[in-house]
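Me: I'd like to learn how to read a model like this one, feature by feature. Can we go through it together?

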Amino acid sequence: MGEVDEYVAGLDEPARSAIAAVYRVARATIPDAVEGRGYGMPALRYRDAALLSVMQAKAHLGLYPFSPAVIAALADELAGFDTAKGTIRFTPQHPLPDDLVERLVSLRRDEIDASVGGRR
């Protein structure tokens with residue numbers, strides 16, 4: 001079991017299902033993503049760069065795309081969520097829509113691809 005799966009398995013409901021759903025969409029969107037760590041957090045990684053982390057905090061769930069530019073690019077679609085430079089906050093009762101997660105991880109993937117010059 002990888003670091004993300006171990007982390008998710010240790011959560012209580014309803015956070016576990018809400019966080020697992022985000023990871024499920026991210027993995028389906030970016031099948032090359034692998035489990036690892038990013039900034040010390042369990043994360044999906046793509047081309048050896050942090051792609052996405054989703055963690056439980058005291059009063060919310062946080063999605064960390066490791067890119068303020070990705071959050072800024074989706075600002076209009078994130079209007080119903082609390083955001084900061086590197087975080088999107090949501091709750092199990094107000095989850096992120098799957099299509100928004102798809103766009104978010106796709107933008108982050110494209111950013112990673114551009115930063116490594118298209119090398120595979």
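Reply: Thr83, for instance, has its place in strand S5, residues 82-84. Residues are numbered from 1 along each chain as its sequence is written, and side-chain values use heavy atoms, with hydrogens and water left out. This is a predicted model, so local features need pLDDT of at least 70 and side-chain atom pairs count only at pLDDT 80 or more, while totals for chains, interfaces and linings use all residues.

Me: Staying with Thr83, what does Thr83 count as at its relative accessibility?

Reply: Buried means under 20% relative accessible area, exposed over 50%, and partly exposed in between (1.4 Å probe, protein chains only). Thr83 comes out at 34%, so Thr83 is partly exposed.

Me: And which residues does Thr83 touch, not counting residues up to four places away in sequence?

Reply: Contact means heavy atoms within 4.5 Å. With residues up to four places away left out, Thr83 touches Ile71, Leu78, Ile88 and Arg89.

Me: Pro14, then. Which residue does a cis peptide bond join to Pro14?

Reply: Most residues other than glycine have a negative phi, and most peptide bonds are trans. Here Glu13 is joined to Pro14 by a cis peptide bond, with omega about 5°. Pro14 is in the loop between H1 and H2.

Me: Where is Leu11 found, and is Leu11 buried or exposed?

Reply: Leu11 is found in the loop between helix H1 (3-9) and H2. Its relative accessibility is 7%, so Leu11 counts as buried. Leaving out residues up to four places away, Leu11 touches Arg16, Ile19 and Gln56. In sequence Leu11 and Gln56 are 45 residues apart, yet their C-alpha atoms are 8.2 Å apart in space.

Me: How do I read helix packing? At what angle do H2 and H4 pack?

Reply: Axes are lines fitted to C-alpha atoms, for helices over the stretch in contact, and angles run from 0 to 180 degrees between N-to-C directions. Helix H2 (residues 15-29) packs against helix H4 (residues 98-115) at about 50°, and the axes are 9 Å apart. That makes H2 oblique to H4; under 35 degrees would be roughly parallel, over 145 roughly antiparallel, 65 to 115 roughly perpendicular, and the rest is oblique. H2 contributes Val22, Val25, Ala26 and Thr29 to the contact, and H4 contributes Asp98, Val101, Glu102, Val105, Ser106 and Arg109.

Me: Is Arg108 buried or exposed?

Reply: Arg108 lies in helix H4 and is buried, at a relative accessible area of 11%. Setting aside neighbours within four places in sequence, Arg108 is in contact with Ala50, Leu51, Pro65, Phe66, Ser67 and Val70.

Me: Now rings. How many aromatic pairs does a search of the whole structure find?

Reply: Rings of Phe, Tyr and Trp (its six-membered ring) pair if their centres lie within 6.5 Å; planes under 30 degrees apart count as stacked, over 60 as edge-to-face and the rest as tilted. Searching the whole structure turns up one pair. Tyr39 and Phe66 are stacked, 5.5 Å centre to centre with 15° between the planes. Tyr39 is in the loop between strand S1 (34-38) and strand S2 (41-46), and Phe66 in the loop between strand S4 (61-64) and helix H3 (68-73), so the pair ties together parts 27 residues apart in sequence.

Me: What do Tyr39 and Phe66 count as, buried or exposed?

Reply: Tyr39 is exposed at 74% relative accessibility, whereas Phe66 is buried, with a relative accessible area of 16%. Check the backbone too: phi of Tyr39 is near 50°, a positive value in a residue other than glycine. Phe66 also has a positive phi, near 60°.

Note on methods
Helices (H or I, at least four residues) and strands (E, at least two) are DSSP runs, numbered from the N terminus.
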